[in-house]
Amino acid sequence: MKKFIAILLTLLMAVSLAACAGSNESSGNGGNTNVPQNAADNSQTEDKSEKSSQTENKSEQIGKVPDSKSDNSVSDSEGSKILVAYFSVTNNTEGVAKKLADGLGADLYEITPKQPYTDEDLNYNDSRSRSTVEMNDADARPAISGSVEHMEQYDVVFIGYPIWWGEAPRIMSTFIESYDFTGKTLVAFCTSASSGFGNSDAALKSTTDKATWLSGHRFAAGASAKDILAWANGLEIN
């Protein structure tokens, strides 16, 4: 009986040892049964990290200001900024001014009187008409409605007007005296039925001695864009 119990205990111990051995074998690789899975997780983490890094690099590139020496850089000198300012009652000067501005890619500004001129005001046969009274008074300065914003940005200013009594209308003096043209280039042009340019810009020049004046020109009503631009381009404005 004692032998039977001893044998039974021996068998039980053997089975127990076998079971433990099987358990250890099933957890092979030093018990790292999750190594393949962990390796995959690490690989995915690295991929995500790399993608995140690439995304950040792209974001930085999108928001990055191009190097000033790159092909996309803007030159410091973009050419002269030009303004064409004009006063017109019968639309003759306006037509020339618009063609000039279009051809040069310039900004356009109409000098508008606060009190518009009527046909009676322009009757040069009437000594009491508004235009006659103004032209007989060298100090007359008709008021202007509005103004040029940021005049300082312009390097070249073309100034257009009709010829009144051989001169620029007094409202042009109002315009010239309203701004500082120091260091700017000014060019006058006019329209008339028969009068030439003459010294029509003399009064304007006298109040802007710190500006550079180029030779002006007279155009007939309906002057072609070709002729207008031929004159403007001949000025060789830098």
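Guide: Welcome! Helices (H or I, at least four residues) and strands (E, at least two) are DSSP runs numbered from the N terminus. This is a predicted model, where local features need pLDDT of at least 70, side-chain atom pairs count only at pLDDT 80 or more, and totals for chains, interfaces and linings use all residues. Residues are numbered from 1 along each chain as its sequence is written, and side-chain values use heavy atoms, without hydrogens and water.

Visitor: At roughly what angle do the axes of helix H3 and helix H7 cross?

Guide: Follow H3 along residues 92-104 and H7 along residues 225-234. Their axes (lines fitted to C-alpha atoms over the stretch in contact, with angles from 0 to 180 degrees between N-to-C directions) come within 9 Å. The crossing angle is roughly 60°.

Visitor: Why is H3 described as oblique to H7?

Guide: Angles under 35 degrees count as roughly parallel, over 145 as roughly antiparallel, and 65 to 115 as roughly perpendicular, with the rest oblique. Because the axes cross at roughly 60°, H3 is oblique to H7.

Visitor: Which residues in H7 does H3 meet?

Guide: Contact means heavy atoms within 4.5 Å. From H3 come Val-96, Lys-99, Leu-100, Gly-103 and Leu-104. Their partners in H7 are Ala-225, Ile-228, Leu-229, Trp-231, Ala-232 and Asn-233.

Visitor: Where is His-150, with its positive phi?

Guide: Most residues other than glycine have a negative phi. Phi of His-150, however, is near 55°. You will find His-150 in the loop between strand S4 (144-145) and strand S5 (156-162).

Visitor: What is phi of Trp-165 near?

Guide: Look in the loop between S5 and helix H5 (170-176) for Trp-165. This residue other than glycine has a positive phi, near 50°.
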